[in-house]
Amino acid sequence: MRRILADVLALAPTTAAGLSHDSPLFGALPELDSMAVAGLLTELEDRLGIVIDDDEVDADLFSTFGALVSFAERKVAG
Amino acid sequence: MQAFDFRFVDADEFQLPAIVRGPADGPVVLLVPPLFEEMNRCRRLLADLGRALAARGIATVLPDLPGTGDSAAAAPVASWSMAIGALTASLALSRPTYVFVVRGGALLTGGVGATGIYRFAPVSSGAVLMREMMRAQAIADQERTGGRVSVSGYEAELAKGNAGRLIGYEVTPDIAAELAALTLPSATSSCRTADLKSGGDAVFEGPPVWRQADPAPTHALADALAADIAAWIG
């Protein structure tokens with residue numbers, strides 16, 4: 001997840017490495033605007049082989065790094 | 001800093017403002033911009049690519065699609081394909097012509113009339129592009145209103161015949177239908193595909209500027225792309 005975020009958002013390596021469970025994302029990272037979020041969702045679908053339903057698209061998914069990781073884990077587990 | 005010309009180029013009934021760089025003869029690469037907001041985010045990449053190709057003795061033409069940038073006229077999606085097809089044909093009358101497409105621009109041409117087409121990070125369909133725009137709008141609306149906004153809401157409005165705004169662009173039901181019907185055309189001429197991820201003929205390191213609110217510098221990526229394009233043109 002760290003890798004995908006770093007790739008898609010072109011985060012500085014130190015920023016990506018410094019992300020912890022509680023790190024805020026949307027609204028805190030200037031790299032992450034609404035278009036970047038949408039791009040990130042597509043990228044997650046591609047790389048993890050998951051399908052994100054339209055009604056799951058929620059700004060809260062991106063509230064923290066931990067929230068995003070748990071969401072991806074739930075989706076991968078099916 | 002090399003000079004460049006900013007002039008109108010004829011593409012059928014359209015007169016497209018274009019940035020023209022490089023020598024007046026020899027091969028020319030038509031740089032096809034991506035669509036909607038990605039066009040803005042890729043502007044610097046395409047400018048850097050034009051400069052990097054000019055430094056290798058290869059000319060480029062970077063037009064504004066009808067109804068975008070400095071170009072007049074409304075912008076039905078079909079006019080974009082038509083204009084790019086006409087411009088390719090008119091360039092090919094006098095010199096070897098190659099087409100470079102990036103992201104949504106890849107949906108506008110399969111390289112008809114050109115010697116070759118170079119696809120960089122092509123979008124697979126207009127539907128994918130529109131879905132991303134709707135998702136981005138949903139996220140933005142949720143952030144603005146604090147309420148629950150779903151992508152299906154925009155689809156429902158379009159289905160009712162109402163135009164909507166998606167990430168700052170007026171999208172009418174007609175444009176939405178045209179966009180949704182766009183697929184990656186099969187390449188009609190020599191084709192090379194490159195991306196930031198594997199799967200094509202070449203992989204590049206670089207920022208996905210089309211996803212970035214504040215696009216990262218693209219000198220290095222443009223230079224690597226230019227080197228690959230120059231080698232491909234031969």
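**View 1. Strand β6 of chain B, with both of its faces covered.** In this predicted model, strand β6 (residues 116–120) of chain B is mostly covered, with 5 of its 5 residues buried; a residue is buried if 20 or more other C-beta atoms, placed from the backbone, lie within 10 Å of its own. Strands and helices are DSSP runs numbered from the N terminus, with at least two residues (E) for a strand and at least four (H or I) for a helix. From β6(B), G116(B), Y118(B) and F120(B) point one way, whereas I117(B) and R119(B) point the other way, and all are buried. Strand β5 (residues 97–102) of chain B pairs with β6(B) in the parallel sense over 5 bridges, where two strands pair if DSSP finds at least two bridges between them. V99(B) stands opposite I117(B) of β6(B). Strand β9 (residues 190–195) of chain B also runs parallel to β6(B), joined to it by 5 bridges, and A194(B) in β9(B) is the bridge partner of F120(B).

**View 2. Strand β4 of chain B and its two partners.** Strand β4 (residues 59–63) of chain B has 5 of its 5 residues buried, so it is largely enclosed by the rest of the structure. A59(B), V61(B) and P63(B) on one side, and T60(B) and L62(B) on the other, are all buried, which covers both faces of β4(B). Strand β2 (residues 14–21) of chain B pairs with β4(B) in the antiparallel sense over 4 bridges, with V20(B) and V61(B) as bridge partners. Strand β3 (residues 28–32) of chain B pairs with β4(B) in the parallel sense over 3 bridges, and V28(B) stands opposite A59(B).

**View 3. The open sheet of chain B.** The sheet has 8 strands in the order β1-β2-β4-β3-β5-β6-β9-β10, with mixed pairing. Its edge strands are β1 (5–11) and β10 (202–203) of chain B, each of which pairs on one side only.

**View 4. The largest nonpolar core and the surroundings of L30(B).** The largest nonpolar core has 92 residues, and those with the most contacts inside it are V37(A), V29(B), L30(B), L31(B), L49(B) and F100(B); such a core is a set of buried Ala, Val, Leu, Ile, Met, Phe, Trp, Tyr and Cys residues joined through C-beta atoms within 7 Å. Helix α4 (residues 126–145) of chain B gives the most to this core, with 8 residues. Domain 1 (5–125 + 184–233) and domain 2 (129–171) of chain B both give residues to this core, so it lies between them; the domain bounds come from an automatic or database assignment. Leaving aside neighbours within four places in sequence, L30(B) is in contact with V61(B), L87(B), T88(B), L91(B), T97(B), V99(B) and F100(B), contact being defined by C-beta atoms, placed from the backbone, that lie within 7 Å.

**View 5. The contact between chain A and chain B.** Here 18 residues of chain A are in contact with 20 residues of chain B. Helix α3 (residues 34–48) of chain A gives the most to the side of chain A that touches chain B, with 8 residues. The model scores ipTM 0.87 and pTM 0.91.

**Notes to all views.** Residues are numbered from 1 along each chain as its sequence is written, and chains are lettered from A and ligands numbered from 1 in the order in which they are written. Because this is a predicted model, local features need pLDDT of at least 70 and side-chain atom pairs count only at pLDDT 80 or more, while totals for chains, interfaces and linings use all residues.

Conventions:
Two residues are in contact if their C-beta atoms, placed from the backbone, lie within 7 Å. A residue is buried if 20 or more other C-beta atoms lie within 10 Å of its own, exposed if 12 or fewer, and partly exposed in between; C-beta atoms are placed from the backbone.
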